[in-house]
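Please consider the following model together with its sequence. The account below is intended to be read with both in view.

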2 protein chains.
Amino acid sequence: MNFCSHCGAAQIRATMPYGDIGLHYICDNCGQIHYQRHSVVAGCVATFDDRVLLCRRAIEPYSGLWTIPAGYVEIGETLEEGAIRETREECGAAVGSLNLLALYDLPMFSEIYVIFAARLAAADFCPGPESLEVKLFTAEQIEWKALAFPMVREALRDWMAAPQPTPVAKADFFWGPDGGVRVRRKA
Amino acid sequence: MNFCSHCGAAQIRATMPYGDIGLHYICDNCGQIHYQRHSVVAGCVATFDDRVLLCRRAIEPYSGLWTIPAGYVEIGETLEEGAIRETREECGAAVGSLNLLALYDLPMFSEIYVIFAARLAAADFCPGPESLEVKLFTAEQIEWKALAFPMVREALRDWMAAPQPTPVAKADFFWGPDGGVRVRRKA
């Protein structure tokens, strides 16, 4: 951050605002505090007949290595919607029955990973533009040395330990037609 | 966003970058894409002897109403660390044994709520600067009409349905001394 996105001044300073915790960018010209936020990644360990869907990355980092479908949750979508979209984009596959499998913190990147266990309705998939290849693997067939990000190994390990995880309480909050907040329950 | 935080130009446009999904702010001067990110809130349904710790808010919004301790996760801390810190700040209470209780999506605010069930080691608490009062409540004593944010009602409902939630796989990723990624397992 070089310039204030509010007033355009080049008077940005990392400091601890009064009454606050942690370092934040503050503009010495207009006083705006620029809170840093998190990147939230959602992904699926998607299975068909006890086999897990992996895709081989066509892009850096870790091009050529295998991963579960996962990516940044967009503004305006829910965690499940993000996980379903990434699986469609990277693996050309439709998943349902999502259940929270694992939650990972990567504080050094300000990232949160939310990994769901999901089911493929059919063995129907094809690589999207970010993938070289998509394949179903039994637990024994997984090439552990050919996995991309460290979180992929952990997610597959968590799936092997609990292929059908206990549902976690889940709710989505939306605006109702009257402008009030509505709650949609998942489990 | 009025100015590019990278180059300072006032040529910000909300558009869909090529090969991308969703609307993002892009700078027409330097080409920087400003991805919007999420606000992550962590909180605790903290209990002592089957009673739940609530605090009465001293600040807007919902000043005077009751809430569970919760707040924005800072950059560099984990979800649990955020939930523990907020409970200390708002309720003057030390909690441990955190287990994921519920996960909420608020896509209209780009917010994710991560709520833990936690235990107080002792009935030892006092209001912080953002609270008027801190108290332990049995499920029967909860004043449902005097609760703050809609998520508080959902979290208390989830706690009543599963006071001791099944642990969810949890890992924190950190830099190791050799610059590689280390994984710290929770469950």
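The paragraphs that follow go from the single chain to its local features, and then to the contact between the chains.

The model is a predicted one. Chain A contains two helices and 12 strands, and their order along the sequence is β-β-β-β-β-β-β-α-β-β-β-α-β-β. The C-alpha trace of chain A extends over about 60 × 45 × 30 Å along its principal axes. Of the 187 residues in chain A, 38% are buried. Among the contacts in chain A with a separation of 6 or more, 58% are between residues 24 or more positions apart.

In chain A, three strands make an open sheet in the order 1-2-3, with antiparallel pairing. Its edges are strand 1 (12–15) and strand 3 (33–34) of chain A, each of which pairs on one side only. Strand 2 (residues 24–27) of chain A is joined to strand 3 of chain A by two bridges in the antiparallel sense, and here Tyr25(A) is opposite His34(A). Chain B also has an open sheet of three strands in the order 1-2-3, again with antiparallel pairing. The edge strands there are strand 1 (12–15) and strand 3 (33–34) of chain B. In chain B, strand 1 and strand 2 (residues 24–27) run antiparallel and are linked by four bridges; Thr15(B) has His24(B) as its bridge partner in strand 2 of chain B.

In chain A, the loop between strand 5 (51–57) and strand 6 (66–67) holds Pro61(A), and the peptide bond joining Glu60(A) and Pro61(A) is cis, with omega about -5°. Tyr62(A) is placed in the loop between strand 5 and strand 6 of chain A and has a positive phi near 65°, although it is a residue other than glycine. Tyr62(A) counts as partly exposed, because it has 15 C-beta neighbours inside 10 Å. In chain B, Pro61(B) is found in the loop between strand 5 (51–57) and strand 6 (66–67), and the bond from Glu60(B) to Pro61(B) is cis, with omega near -5°. Asp50(B), in the loop between strand 4 (39–48) and strand 5 of chain B, is a residue other than glycine with a positive phi, near 65°. With 9 C-beta neighbours inside 10 Å, Asp50(B) counts as exposed.

Helix 1 (residues 79–91) of chain A comprises 13 residues, and the distance from its first C-alpha to its last is 18 Å, close to the 18 Å expected at 1.5 Å a residue. Its buried residues are Leu79(A), Glu80(A), Gly82(A), Ala83(A), Ile84(A), Glu86(A), Thr87(A), Glu90(A) and Cys91(A). Just after this helix, Gly92(A) adopts a positive phi of about 60°.

The largest nonpolar core has 96 residues, of which Val45(A), Leu101(A), Ala155(A), Val45(B), Leu101(B) and Ala155(B) touch the most other members. Beyond its neighbours within four places in sequence, Val45(A) is in contact with residues including Leu101(A), Ile115(A), Ala155(A) and Trp159(A). In soluble globular proteins, nonpolar side chains tend to be buried together.

How many residues does each chain bring to the contact? Chain A gives 49 residues and chain B gives 49 residues. On the side of chain A that touches chain B, strand 4 (39–48), strand 8 (95–106), helix 2 (150–161), strand 11 (169–175) and strand 12 (181–185) each supply at least two residues. The residues of that side comprise 29 nonpolar, 12 polar and eight charged.

Strand pairing also crosses between the chains. Strand 8 of chain A pairs in the parallel sense with strand 11 (residues 169–175) of chain B over four bridges, where Leu103(A) is opposite Lys170(B). Leaving aside its neighbours within four places in sequence, Val181(A) is in contact with Phe173(A), Trp175(A), Gly176(A) and Pro150(B). By contrast, the C-alpha atoms of Val181(A) and Pro150(A) are separated by 38 Å, with the two residues 31 apart along the chain. Val181(A) is partly exposed, with 15 other C-beta atoms within 10 Å.

How are the two chains related? Chain A is superposed on chain B by a rotation of 180° with 0.0 Å of shift along its axis, at an RMSD of 0.0 Å. The two copies are therefore related as by a two-fold rotation axis. Because 100% of the interface residues of chain A are also interface residues in chain B, the copies meet through the same surface.

Technical notes. Residues numbered from 1 in each chain as written. Chains lettered and ligands numbered in written order. Predicted model: local features only at pLDDT ≥ 70, side-chain atom pairs only at ≥ 80, totals over all residues. Core = buried A, V, L, I, M, F, W, Y, C linked by C-beta atoms within 7 Å. Buried ≥ 20, exposed ≤ 12 C-beta atoms within 10 Å, placed from the backbone. Contact = placed C-beta atoms within 7 Å. Nonpolar A, V, L, I, M, F, W, Y, C, P; charged D, E, K, R; others polar. Pairing = 2+ DSSP bridges. Expected span 1.5 Å × (residues − 1). Least-squares fit on C-alpha atoms with pLDDT ≥ 70 in both.
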